[in-house]
Amino acid sequence: MAKVILLNSSPRANSNTQDVLEVCAEEIEKNGVEAEIISLRGKQIQSCVACNGCAKTGNCVLNDGLDEIIEKIRQADGFIPAAPVYFGTARGDIMSALQRIGKVSRGNDKFLEWMVGGPIAVARRGGQTLTLQEMTMFFPINNMIIAGSTYWNMVFAGPEGTALDDSEGIATIKLFGQNVANIIKKLVD
């Protein structure tokens, strides 16, 4: 069965980002594709050091738990990274993760090519657009397919538990999840 990995970069256990990803995962599964949410919470994701060790081993040489996530992504058909916006842009750990995931893919079996997905940003007031732009750069450089929706994949949320109050944002995420699943099914058929 086709599968999508959703990567949550929020350090909070009960985060708005997690709530949004659960909505997205539910839509993906309603449309016949498996979805798994993985969290970076508790991990100390390091930045890529461009050692090119991954080109020799097929895996990242940094030992911080990202390689296990990379293996799950390698087996998937879709990938959706999500970031809370705390200071105007994507969190450093998600950008470090994306850079290393891309480096491992490009230096080896190019497992990201033709994978379907796109980023999601969650914030109280601003920074979502810049965060989406920053994270979107990961997709075309890895020859991936970005699914669309009727608006950008952003949700406005304040305190924990308020993401679901943004009805327009949630509707956008639902359609995005449906589109990810339907594109994957068309590619797999």
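Q: In this predicted model, is Glu 27 buried or exposed?
A: A residue is called buried when its relative accessible area is under 20%, and exposed when that area is over 50%. Glu 27 is found in helix 1, which spans residues 16-30. Its relative accessibility is 6%, so Glu 27 counts as buried.

Q: Which residues does Glu 27 contact, leaving aside its neighbours within four places in sequence?
A: Glu 27 belongs to helix 1. With the neighbours within four places in sequence left aside, its contacts are Lys 174, Gly 177 and Gln 178.

Q: Is Asn 8 buried or exposed?
A: Asn 8 has its place in strand 1, residues 3-8. Leaving aside neighbours within four places in sequence, the residues in contact with Asn 8 include Ser 15, Leu 21, Ile 37 and Ala 82. At 1% relative accessibility, Asn 8 therefore counts as buried.

Q: Which residue of strand 5 is the bridge partner of Ala 82?
A: Strand 3 (residues 78-84) and strand 5 run parallel and are joined by three bridges. Within strand 5, the partner of Ala 82 is Ile 120.

Q: Which residue in strand 7 stands opposite Ala 123?
A: Strand 5 is also joined to strand 7 (residues 154-156), by three bridges, and these two strands run parallel. The residue of strand 7 that stands opposite Ala 123 is Phe 156.

Q: Which residues of strand 5 are buried on its two sides?
A: In a regular strand the side chains alternate between the two faces of the sheet. Strand 5 covers residues 120-123, and both of its faces are covered. The buried residues are Ile 120 and Val 122 on one side, and on the other Ala 121 and Ala 123.

Q: How far apart in space are Phe 176 and Val 49, C-alpha to C-alpha?
A: Phe 176 lies in helix 7 and is buried, because its relative accessible area is 0%. Leaving aside neighbours within four places in sequence, its contacts include Cys 24, Ile 80, Ile 120 and Asn 153. Val 49 is 127 residues away from Phe 176 in sequence, and the C-alpha to C-alpha distance is 33 Å.

Q: What is the arrangement of the rings of Phe 138 and Phe 139?
A: A pair of aromatic rings is described by the distance of the centres and the angle of the planes. The count of aromatic pairs comes to three. For Phe 138 and Phe 139 the centres are 5.3 Å apart and the planes stand at 90 degrees, so the pair is edge-to-face.

Q: What is the angle between the ring planes of Tyr 151 and Trp 152?
A: Tyr 151 and Trp 152 form an aromatic pair with 4.8 Å from centre to centre. Planes over 60 degrees apart count as edge-to-face. This pair is edge-to-face, with an angle between the planes of 75 degrees.

Q: Which residues form one aromatic cluster with Phe 79?
A: Phe 138 is buried, with a relative accessible area of 7%. Phe 139 is buried as well, at 0%. The residues that form one aromatic cluster with Phe 79 are Phe 138 and Phe 139.

Q: What is the area of the nonpolar surface patch made by Trp 114, Leu 187 and Val 188?
A: Leu 187 has its place in helix 7, residues 167-188. At 42% relative accessibility, Leu 187 counts as partly exposed. The patch that Leu 187 makes with Trp 114 and Val 188 has an area of about 330 Å².

Technical notes:
Residues numbered from 1 in each chain as written. Predicted model: local features only at pLDDT ≥ 70, side-chain atom pairs only at ≥ 80, totals over all residues. Heavy atoms only, no water. Helix = DSSP H or I, 4+ residues; strand = E, 2+ residues; numbered from the N terminus. Buried < 20%, exposed > 50% of the residue type's maximum accessible area, 1.4 Å probe, protein only. Contact = heavy atoms within 4.5 Å. Patch = residues over 30% accessible without salt bridge, like charges linked within 9 Å, V, L, I, M, F, W, Y side chains within 5 Å. Areas by Shrake-Rupley, 256 points an atom, 1.4 Å probe, with all protein chains shown as cover. Salt bridge = Lys/Arg side-chain N within 4 Å of Asp/Glu carboxyl O. Phe/Tyr/Trp six-rings, centres within 6.5 Å; stacked < 30°, edge-to-face > 60°. Pairing = 2+ DSSP bridges.
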